Amino acid sequence: MITRRKFISRAGLVLAGSALDRPVSSPLTASSLHPYVDPLPVPPAARAEEMRTNPFNPKEKIPFYRIAMREVMVKVHRDLPPTRMWTLGGTFPGPTLETRVEKGLIVEWQNRLPARHFLPIDHSLHGAGKDVPEVRGVIHLHGGRTPADSDGYPEHWVVPGKSQTCFYPSQHGEALLFYHDHTMGINRLNTYAGMMGMFLVRSLLEENLGLPSGNYEIPLLLCDRILRADGQLEYPVSDKPGQIWVPEVFGDSILANGKLLPYCDVEPRLYHLRIMNGSNGRFFRLSLTTGISFLQIGSDQGLLGAPVEQKRLLLAPGERADLLIDFSTEAGKRFEMVSDTFPVLQFRVGTVTRNNQHRIPEKLCEFASLAESKAVRTRRLTLGENMDDVQRSMGMLLNNTPWHAPVTENPVLNTTEIWEFVNLTDDSHPIHLHLVRFQVLSRRRFDSFHYQQTGELRFTGPLTAPDANERGWKDTVRCDPNMVTRIIVPFEGYTGRYVWHCHVLEHEDNEMMRPFEVLPAWS
């Protein structure tokens, strides 16, 4: 069960806080637009400016990129005026960074944003007070095994005119990662404004499988937004006195690679779709209106052991999935990819293919499940919510501990731990750990009221194994209401301070984030 409270904008709403004064029009209903009049764009490839010395190997030169945070106007639909967005690299999504396993790169993220924010800041949130600059940015590579000083720690933001330089060693397997803003207290606003893009790590293993590539590999960044009738982004505010923050934001305009209701021309053959959920809070439930199934071959951290056949894909914010879709049986047809009742895009299948040579591998990679006996420690961590006297959310907490409290999770480098997430709320929370990849062990329903009264776990259902498409390496896990979700985590890579948090960005910005520190083995 996944429950969601829906907050929508209101016609005539004047944004509070630091938002710039501007005329406000009625919210747009996506169904009022002509659908499928714009082709699905492919985000541009990032281009390296030069080669620089590898910080970890002075004898090696690696690509150096310079990507600016900047405000641009983006045309999201033929019949709408351009939309004001904050982007990385001047496009939405930002340019795709691509590398190979263990082939590092360096990115200088330059802040060239305006002096004022155009979305409503709640200065009561921790780290977003009036004592810090209104416009700030820091970029995190989601899913990257990255040194701590390049991870995009939420408090390491830069202001306009300054930059942040990050080294990404790419010392992990093939995967679709993504980069996005991670600024303390305003991450939800910067990301909603458009500050994200994709990062592809490729490998020889992936290439040897003969998967569709080139024009037959489609990257697909999906996110929902609230758009006004004048084409501008709307971000709702609370009706609670003295508060701007709302617990979740959902829009009925689904953008696919930055376009609203686009179409995608495909040939009648096998395609490889690389999908990520870039929404602030929406869980996508993706299916095809013809009813045909598809194969999932990868998740957050790369290939699964074998393909998993599905007709509907559940994708939480921050999660990714690699799909194989065979259009060869649908020649000449037009049909949609939808999420529940929301249209996402239309596929237009031609009648001729230039290359009908394709095969679906029965086995993808060698995958070994980690034994629980490898864990040196088990941590029980609660996911909670503070409510006021009329049951409105006042904020979220991990393990009942605010952000600024001392670090309580101190794993040792090259050890393995089990983390148990005890969800005491009515929401599903996608929990993301920086630096590491992990495996999902199990879920089990429990009596939440009894736990909150006594601290004792009283289980009310059987132990359930992870879904078939979760049985690979992950970096974000769906933690459902009144369930204990268990993961096993090898802490590999680097020492230093990182964070773990809910990837519903409104939750993350209001205390549902905590630091953890990886200690050296001799500490």
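**Note on some backbone and burial features**

1. Ser442 sits in strand β28. The model is a predicted one. Ser442 has a relative accessibility of 4%, so the residue counts as buried; the cut-off for buried is under 20%. Apart from neighbours within four places in sequence, the contacts of Ser442 are Leu463, Thr464, Pro466, Val484, Thr485 and Arg486.

2. Strand β28 spans residues 439-445, and the loop between β27 (429-433) and β28 holds Leu435. The phi of Leu435 is near 75°, which is positive although the residue is not glycine. Is Leu435 buried or exposed? Leu435 is buried, because its relative accessible area is 3% and buried means under 20%.

3. A positive phi also turns up elsewhere in the chain: Glu102, again not a glycine, has phi near 65°. Glu102 belongs to the loop between β5 and β6 (105-111). With 57% relative accessibility, Glu102 counts as exposed, since the cut-off for exposed is over 50%.

4. Where does Pro93 lie? Pro93 is in the loop between β4 (83-88) and β5 (94-100). The peptide bond that leads from Phe92 into Pro93 is cis, and its omega is near -5°.

How values were computed:
Residues are numbered from 1 along each chain as its sequence is written. This is a predicted model: local features need pLDDT of at least 70, side-chain atom pairs count only at pLDDT 80 or more; totals for chains, interfaces and linings use all residues. Side-chain values use heavy atoms; hydrogens and water are left out. Helices (H or I, at least four residues) and strands (E, at least two) are DSSP runs, numbered from the N terminus. Buried means under 20% relative accessible area, exposed over 50%, partly exposed in between (1.4 Å probe, protein chains only). Contact means heavy atoms within 4.5 Å.
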